[in-house]
Amino acid sequence: MERVAIVGTGQTKHTSTRGDVSIGGLVREAALRALADADMTWDDIDAVVIGKAPDFFEGVMMPELYLADALGAIGKPMFRVHTAGSVGGSTAIVASELVSSGVHERVLTLAFEKQSESEAMWALSFAIPFQPPMHAGAGGYFAPHIRSYMQRSKAPDHIGILVALKDRLNACKNPYAHLHEKDATFESIKDSIMLWDPIRYSETCPSSDGAFAMVLTNEKGGDDAAAAGRPPAWVKGTAMRSEPTMFAGRDQVSPLGGQLCSKDVYAQAGITNPRAEVDVVEMYVPFSWFEPMWLENLGFCEEGEGWRLVEDGVTEMTGDLPVNCSGGVLSTNPIGASGMIRFGEAAMQVRGQCGEHQIDGVRTAVGHAYGGGSQFFAMWVLGSEKP
Amino acid sequence: MRDVAIIAFAQTKHRRSYEGTSEVEFLAPVLQEVQAKAGLEKKDIDFVCSGSSDYLAGQAFSFVVTLDAYGPWPPITESHVDMDGAWALYEAWVKMQTGKIDTALIYAYGKSSPGSIRRVLTRQLEPYYTQPLWPDSVALAALQARVGLDAGTWTEEQMAEVAATSRRNAKGNPFAQVVDDAEPATLLSKDYFVDPLRVHDCPPITDGAAAVIMVAGDKAKELTDRPAWIRGIDHRIDPAALGVRDLTVSPSAQLAAEKAGVADGNVDVAELHAPFTHQEIILRNALGLGDGVDVNPSGGALAANPVMTAGLIRFGELADRISRGEADRGVAHATSGACLQQNLVAVLEGE
Amino acid sequence: MSDVVTAPPLTLPDRLSSIDEPVKSIRTPAAVRYTYSPGQAPSEFLYKVAQKQLTGRKCPQCTKVYIPPRETCPTCGVTTLPDIIDLPDVGTVTSFCVVNVQFYGQAMEVPYVGALILIDGSDIPLMHLLQEVDVETVHMGMRVEAVWVDEGDMGPTLESIKYFRPNGEPDADWNSYKDNV
Amino acid sequence: MAEVEVLRAPLVVEYPFTRTTGPVIGAFFTALREGFIVGIRGSDGRVIVPPFEYDPQTSEPLTEIVEVADEGEIVSWAWSGEPLEGQPLDHPFGWALIKLDGADTGFLHVVDGPKEQLRTGVRVKARWAAEREGSINDIEAFEVIA
């Protein structure tokens, strides 16, 4: 298997409405930045892999067909992935496999969402006849599972607030993040409206327009980048897992799919103690409580202990396992791109490109995405050393 | 490249409508059948990949629910593309090349019956200048057909010949939907549907599903006497806007065929995903298929056209033909987008 | 930020450059129409609902009872047993969410409770509304019963159940529902 | 299981999408609102109508907006006997790729019949809507001119 290196990343400034660009203009920005970072031009790219969440958001079925021009894909392979919320992660994994398989040498991968073209509550959950009404969108779906977590782990109520505060303040160090709430405090989050009890407004994610792109190359490309003073992030493992949305006895707090996905990816990367060996994590946390839930699900601690890591500040930028230094999904959420932002921020941490939200000396980083009803998982482990 | 073969194929009996049957209900038997044919169970399958479109069903994340038809438990390694199932097969093929997996189940489904497929497909057009006009798939194909008729690249008689051959071939395909013995002259005597296209130039509206199982290396030989080996596979895309393209040719299909190595040997059979009659002619030219090639012995997309699925079916039909010893080397093709915008080409061989 | 994305300026014909308010956005309303059918097993279930009867189907392999019934078991991938199992309209709250804000396309008065309810005799909870209850007192393990709409309004939809409400029974034993929390 | 008559209900997926255009697409719609048509010059010198943001061959951004005529000739056409919901005309009409004077590519729009007059090479001219807002429908249809 060919080694895979990430030699370029690029993203848009995420915001609620990118009123100055078309959909093509939006994706193009992220792609151009990734190409510039990789010191490449369109001609250097062999294939394009694109991902986004449901086509209803922009009302364009298979938008990759129309985006072929904007992404320099004419005459090239153009591939479209859709695995619900995990799509940004799985798209990056498909791109990495195009390289690791030896099929291509240099692949551009990109994920986007321009949510302002419609409205999330509509696009994600318009009513389907005869189906039980969702009553309250994604939050209404996930809130009972968060309550189950609180019950099972005996976590105190303020854990979600701590996570939200951390991510909002981290986002202020990330110029590309959507929300820059410099004045956020524990109290301001605590006092925000309880939307879907136990989820407060400030513990939820925004709705964003945004795109993220990466350039992946084979070993030679990675070596060349390193020689040119642009050290790459090396892919040390990738994994995906899926399970049914609803089935009898399903553990929706710590789905088996997520556990198996993390075990698989750590094994590939030679990680036996993730808490000790992973330097930084970008995980998919659309509601604050998912941080402690995923910490347990992804094997960073024992079951029921995730909230203690949060409370002890372990996941702060100053802690020993910083989580979502970028501000995470809680601060930036162009849905189809959110998974790729996690994967890409992990690459940026390894490459030392994060500026104010950089953790010193990152050697191993994890990117994580999930989707559907906590049923689709995608992860990768990146390292500064060639595997 | 690692040797990878298709060893089993199953599909629905394609028909105008499976209305009243949910996607899970009509897909599940196909998934069960393909596993039985391959002699594999869920525990033997390393990877599942599917192709479908939310827009056909009118539901966001429709593929999420449909995965239940497979019973993905314990959790599986799985992916989904919003493309024809042929691209899902491509993703699985790439994954096999990494050496991470040895077996894959690929499925696709498309039910056009819940909506107006002609209107639904307008949603895949460029969204600013084109979508708001609602130019339907038949109208766009008709514009393409006219260009070739005007240029003398094909004639209405040749188009009718394609339709007649497809329908006649489909008599040997128990899963086909449009099957008859109509002579080209009879077809040509009918009125235009969307001038210059007659009904016989257009694909039927179909509900259908299909699945294949693909296996790498020696395992393929253990499981079947005559695997259909994938010797080359590639896909390419052209611009979306019809106005800048020469609609009488398909540069992306031609390039994909070159990369897949179509011309590296004799081609016995080609299963081409040509929803409209003139598109089969374009593809024959783009792929360099001579008169000796048996094109669409299954009847092709003109005999049954489940959207998102018809391309994957081409792979299954060709693989079955090779496995039965009726062909040694063939070409499978899938398309996506208006007027053959995106094309995937593969070469399959017996031993 | 880097300037690689800065688009080069356009050169415009005079007639355009003299226009003060160029178009920056367009509205493209779109309606795509479908006829939706939930399929055989759900239809069967909903007809029974219209007769005030909840039903489920059992998987022959894992023996779990599904409500709404499935044609195919989502974990085993096998066809469920054809027998329709009648289920009562009472169950246990396994988890819930208190909704305090109006959402797109629905007109519930806030606050209201969306609860996962494990119907007795089934193995998977159903999401529905919980009312006639002080939201402060809702808790896991609470026993609840269906309140059906008036006879004349009954139809093949889960909305034939207006909501669930506490039925006064003591809380369910944790072990009876812990697999669904 | 006894087969029951399955349930059916209409499902309408409907939304008034708002699309921000960016400057190039915006220039085209601005022109339409003002009653004229523009294209853009491609890297090969061709004038592309409607304007692409990025060159179909080189992928580089295109910048030179060019005014073209609101009349030209049909390069391909098709006759739609039964219009579908949403299409510009509610009676039978022609679809056409139209090469406007000053342009080098085909512009997709509709031609308001009669069918007998439609053929490749025939000249057509835009019929403008009285009220224009910056939309492809600001051109109601093209009509055959002598």
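**Exercise 1.** Find how many residues of domain 1 of chain A are in contact with domain 2 of chain A, and which elements supply them.

*Solution.* Step 1: in this predicted model, 32 residues of domain 1 of chain A are in contact with 32 residues of domain 2 of chain A; contact requires C-beta atoms, placed from the backbone, within 7 Å. Step 2: on the domain 1 side, the elements giving two or more residues are strand E1 (5-11), helix H3 (87-100), strand E4 (106-114) and strand E7 (209-217) of chain A. Helices (H or I, at least four residues) and strands (E, at least two) are DSSP runs, numbered from the N terminus. Step 3: H3(A) gives the largest share of this side, eight residues.

**Exercise 2.** State the bounds of the two domains and the distance between their C-alpha centres.

*Solution.* Step 1: domain 1 of chain A covers 5-120 + 207-227, and domain 2 covers 138-205 + 235-383; the bounds come from an automatic or database domain assignment. Residues are numbered from 1 along each chain as its sequence is written, and chains are lettered from A in the order in which they are written. Step 2: the C-alpha centres of the two domains lie 23 Å apart.

**Exercise 3.** Describe the burial and the extent of chain A.

*Solution.* Step 1: buried residues make up 71% of the 387 residues in chain A; buried means 20 or more other C-beta atoms, placed from the backbone, within 10 Å of the residue's own. Step 2: the C-alpha atoms of chain A fill a box of roughly 55 × 45 × 45 Å along the principal axes.

Note on methods
This is a predicted model: local features need pLDDT of at least 70, side-chain atom pairs count only at pLDDT 80 or more; totals for chains, interfaces and linings use all residues. A residue is buried if 20 or more other C-beta atoms lie within 10 Å of its own, exposed if 12 or fewer, and partly exposed in between; C-beta atoms are placed from the backbone. Two residues are in contact if their C-beta atoms, placed from the backbone, lie within 7 Å.
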